[in-house]
Amino acid sequence: MWSLVKMWEKVDKKFQKYPARIRVIQKMIELGIRISDDGKPYCGDLKISESALAKVSDVDRRVIKSTINLILKDDELSPIFKNIVPAGTLLKNLAKNLGLGVIEIEVGKDSNGILASTSTMISEKNINIRQAYAEDTYLENAPVLTIITDEPVPGDLINEFLKIDKVKRVSIY
């Protein structure tokens, strides 16, 4: 059974001499880009040009092709990258226009229980959670948990959130 940690260890080991390829892999994970059986990058059903992926990854287009080829030749990484699915629209940037609330909680690398604790506090205020998105602690130096609520949450929750172990910073808007 694979874990996310094991996958990143495998990527680090296989591509340690190729930081540009690691950037491509990180961007693919971040954007939900999968590799099709014919070796082409897709976001959902939308084919992504190698040039576009290269530009957003800040690499030469040839790095995209070589990274994809190496992934497809790897019996462990290939099935992972063939099955990536984009997560969908994050409502954070639309929240103000839609009357939703946004809570951003910066956490450390070890963030066990923070989502459970915050969702309990929000629920106790009878506020519905519309969406929760946690950045990957491997990809981000200062990962952020973003919670979108049906309505803005009261500011007094900031102090409550800050009492949670491993919470570094809280923003509510």
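Helices (H or I, at least four residues) and strands (E, at least two) are DSSP runs, numbered from the N terminus. This is a predicted model: local features need pLDDT of at least 70, side-chain atom pairs count only at pLDDT 80 or more, and totals for chains, interfaces and linings use all residues. Residues are numbered from 1 along each chain as its sequence is written, and side-chain values use heavy atoms, with hydrogens and water left out.

Stay zoomed out. The C-alpha trace spans about 50 × 30 × 30 Å along its principal axes. Of the 173 residues, 38% count as buried (under 20% relative accessible area, 1.4 Å probe, protein chains only).

**Stop 1: two helices**

Select residues 19-31, helix α2, and residues 61-73, helix α4. They pack at an angle of about 75°, with their axes 10 Å apart. Axes are lines fitted to C-alpha atoms, for helices over the stretch in contact, and angles run from 0 to 180 degrees between N-to-C directions. α2 is therefore roughly perpendicular to α4 (65 to 115 degrees).

Now show side chains. From α2, pick A20, R21, V24 and I25. From α4, pick V63, I64, S66, T67, L70 and I71. These residues make the contact (heavy atoms within 4.5 Å). They divide into seven nonpolar, two polar and one charged. Here Ala, Val, Leu, Ile, Met, Phe, Trp, Tyr, Cys and Pro count as nonpolar, Asp, Glu, Lys and Arg as charged, and the others, Gly among them, as polar.

**Stop 2: the largest pocket**

Select I29, E30, L31, Y133 and E135, which lie nearest the centre of the largest pocket. A pocket is an open set of points on a 1 Å grid over the protein atoms alone, where a 1.4 Å probe fits, with protein on both sides within 12 Å along at least five of seven lines; lining residues have an atom within 4 Å of a point.

The volume is about 650 Å³, as the space filled by probe spheres set on the points. The lining has 25 residues: 12 nonpolar, six polar and seven charged. α2 gives the largest share, five residues. β5 (129-134) and β6 (144-149) each supply at least two.

**Stop 3: the second largest pocket**

This pocket holds about 170 Å³ of space. Select its lining: V107, S111, I114, L115, A132, Y133, A134, E135, T137, P143, V144 and L145. α7 (114-124), β5 and β6 give two or more residues each. β5 gives the most, with three. By class, the lining has nine nonpolar, two polar and one charged.

Terms used
Angles under 35 degrees count as roughly parallel, over 145 as roughly antiparallel, 65 to 115 as roughly perpendicular and the rest as oblique. Buried means under 20% relative accessible area, exposed over 50%, partly exposed in between (1.4 Å probe, protein chains only).
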